[in-house]
Amino acid sequence: MNWLRKPSSTPLWRDEFSVFTADERYVNRRQFTKFLTLTSFGMLAGNLWILARSLFHRAPSFPRTPVAATDELAVGGVKLFAYPTADDPCILVRTASDSFVAYSQKCTHLSCAVYYAKEQNRLECPCHQGFFAIADGSVLQGPPQRALPRVSLERKGGQLLAVGMEGEGA
Ligand code: FES
């Protein structure tokens, strides 16, 4: 173990910053302890940051925006709107007399606008033939890997309100 330690007459800085290339392959106990300590502090800081982030993380809040009157669309009818911002195009579909669904209109592949194909009862992207289920926005076919983000709807009187977004990328 003598090869680990230098004679005590050697200044500390020579231990830390060796000028001899051959010495660089030796790691003395002090350097190893310093490395372990710094690594442990780094891991501790990282874990504390993750803990603080999870404790203070708040779910994003969404506006409550009127989308349409419940009697505005016939069954199979479609209305385009923007939610939660003016730059987020969405599509509302009346799937049955008492059922409405709404999704982001941006295809999860390369963001082309999806449209409602009434005969197939699905949302279709014309760019690369990506198809999405109308029931939950999941991918039926094509290159998209993720479902369409869904707009949460709420009824208030005769109005449909958009109240939030669900799904990846929402
Ligand atoms: S952009 Fe929609 S399938 Fe490619």
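Which residue forms a salt bridge with Arg 64? Select Glu 154: its closest approach to Arg 64, N to O, is 2.6 Å. Keep in mind as you click around that this is a predicted model. Now colour by secondary structure. Glu 154 sits in strand E9 (residues 150-156), while Arg 64 is in the loop between helix H2 (29-56) and strand E1 (65-69), so you're looking at a link between distant parts of the chain, 90 residues apart.

Next, pick Lys 79 and Glu 72. Their side chains meet in a salt bridge, 3.0 Å from N to O. Lys 79 is partly exposed at 24% relative accessibility, and Glu 72 is partly exposed too, at 41%.

Hop over to Arg 122 and Glu 124, another salt bridge, with N and O 2.6 Å apart. Is Glu 124 buried or exposed? Buried: its relative accessibility is 8%, and the cut-off for buried is under 20%. The salt bridge count comes to 4.

Time for the sulfurs. There is 1 disulfide by count; show Cys 112 and Cys 127, joined with S to S at 1.9 Å. The torsion about that S-S bond is about -95°, so the disulfide is left-handed. Cys 112 lies in the loop between strands E4 (99-104) and E5 (115-117), and Cys 127 in the loop between E6 (122-125) and E7 (130-133), so the pair ties together parts 15 residues apart in sequence. Cys 127 is partly exposed, at 39%.

Last stop: select Cys 90, buried at 0% relative accessible area, then Cys 107, buried at 3%.

Conventions: Residues are numbered from 1 along each chain as its sequence is written. This is a predicted model: local features need pLDDT of at least 70, side-chain atom pairs count only at pLDDT 80 or more; totals for chains, interfaces and linings use all residues. Side-chain values use heavy atoms; hydrogens and water are left out. Helices (H or I, at least four residues) and strands (E, at least two) are DSSP runs, numbered from the N terminus. Buried means under 20% relative accessible area, exposed over 50%, partly exposed in between (1.4 Å probe, protein chains only). A disulfide is a pair of cysteine sulfur atoms within 2.5 Å.
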